[in-house]
Amino acid sequence: MKDALEDFRGTVEGGAERLLALSEREARRRRGGGEDWSAKEIVGHLIDSAANNHRRFVLAQLKDDLIFEGYAQEDWVRVQTYADAPWAGLVELWRAYNLHLAHVMASAPEETLKRARAAHSLDRIAFHTVGASQPATLEYLMRDYIDHLKHHLAQILTAKAGLN
Ligand code: NI
């Protein structure tokens, strides 16, 4: 987990720098294609993911199972009108929230991270799901959170490269 966290901090710091290079106009532009969130809405979605997983990362250390509710992702983005929020503020919140989550992840004891939990909802809420009949770990949930973040970050940064 230690290596993953070093890499994660680098992704967040480097990602924030590259995101801030987008203009307000670029950040508002809908990308078209299958998923039509703008960069602002994708970062908003990642802030929602951070908030929901923050709770999970703490609660997982206070109970035996890994059973958590999902959340209505599209509705969360719509209700918060991320498209109207200033870009630099969203990126700063995303950066700071994730650096705190890196701290939370680093603070979790190794034996808590690795403990196999038979009862979990990762067959429904994970980015890369775990079958309901297989045990899951908190470390898996944390790594999965990082994979989800990288997936959406790449969507924004790849789209930007394609704009010029
Ligand atoms: Ni997502």
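**A walk around the helices**

Guide: Let's begin with α3, where the buried residues are Ala 39, Lys 40, Glu 41, Ile 42, Val 43, Gly 44, His 45, Leu 46, Ile 47, Ser 49, Ala 50 and Asn 53. Bear in mind that this is a predicted model.

Visitor: Take Ile 42. Why is it called buried?
Guide: Count the neighbours. Ile 42 has 23 C-beta neighbours inside 10 Å, and the cut-off for buried is 20 or more, so Ile 42 counts as buried.

Visitor: Which residues is Ile 42 in contact with, leaving aside its neighbours within four places in sequence?
Guide: They are Trp 37, His 152, Gln 155 and Ile 156. Ile 156 sits 114 residues away from Ile 42 along the chain, yet their C-alpha atoms are separated by 7.7 Å.

Visitor: On to α1 and α5. What makes α1 roughly antiparallel to α5?
Guide: The angle does. The axes of α1 (residues 2-20) and α5 (residues 87-107) come within 10 Å and cross at roughly 175°. Angles over 145 degrees count as roughly antiparallel, and that makes α1 roughly antiparallel to α5.

Visitor: Which residues make that contact?
Guide: From α1 there are Leu 5, Phe 8, Arg 9, Val 12, Ala 16, Leu 19 and Leu 20. From α5 come Ala 88, Val 91, Arg 95, Asn 98, Leu 99, Ala 102, Met 105 and Ala 106. Sorted by kind, the residues of this contact are 12 nonpolar, 1 polar and 2 charged.

Visitor: How do you know that the buried residues of α5 line one face of the helix?
Guide: Those buried residues are Trp 87, Leu 90, Val 91, Trp 94, Asn 98, Leu 101 and Met 105. Looking down the axis of α5, they fall within an arc of 95°, so they line one face. On the other side of α5, Gly 89, His 100, His 103 and Ser 107 are exposed.

Visitor: And what puts the buried residues of α1 on the same side?
Guide: In α1 the buried ones are Phe 8, Val 12, Gly 15 and Leu 19. They cover an arc of only 80° around the axis, which puts them on the same side of α1. Exposed on the other side of α1 are Lys 2, Asp 3, Glu 6, Asp 7, Gly 10, Glu 13, Gly 14 and Glu 17.

Visitor: What about Thr 81, in the loop between α4 and α5? Why is it called exposed?
Guide: Thr 81 has 11 other C-beta atoms within 10 Å. The limit for exposed is 12 or fewer, so Thr 81 is exposed.

Visitor: What phi does Thr 81 have?
Guide: Thr 81 has a positive phi of about 40°, although it is not a glycine. Most residues other than glycine have a negative phi.

Methods. Residues numbered from 1 in each chain as written. Predicted model: local features only at pLDDT ≥ 70, side-chain atom pairs only at ≥ 80, totals over all residues. Axes fitted to C-alpha atoms, helices over the stretch in contact; angles between N-to-C directions. Helix = DSSP H or I, 4+ residues; strand = E, 2+ residues; numbered from the N terminus. Parallel < 35°, antiparallel > 145°, perpendicular 65-115°, else oblique. Contact = placed C-beta atoms within 7 Å. Nonpolar A, V, L, I, M, F, W, Y, C, P; charged D, E, K, R; others polar. Arc of directions from axis to C-beta.
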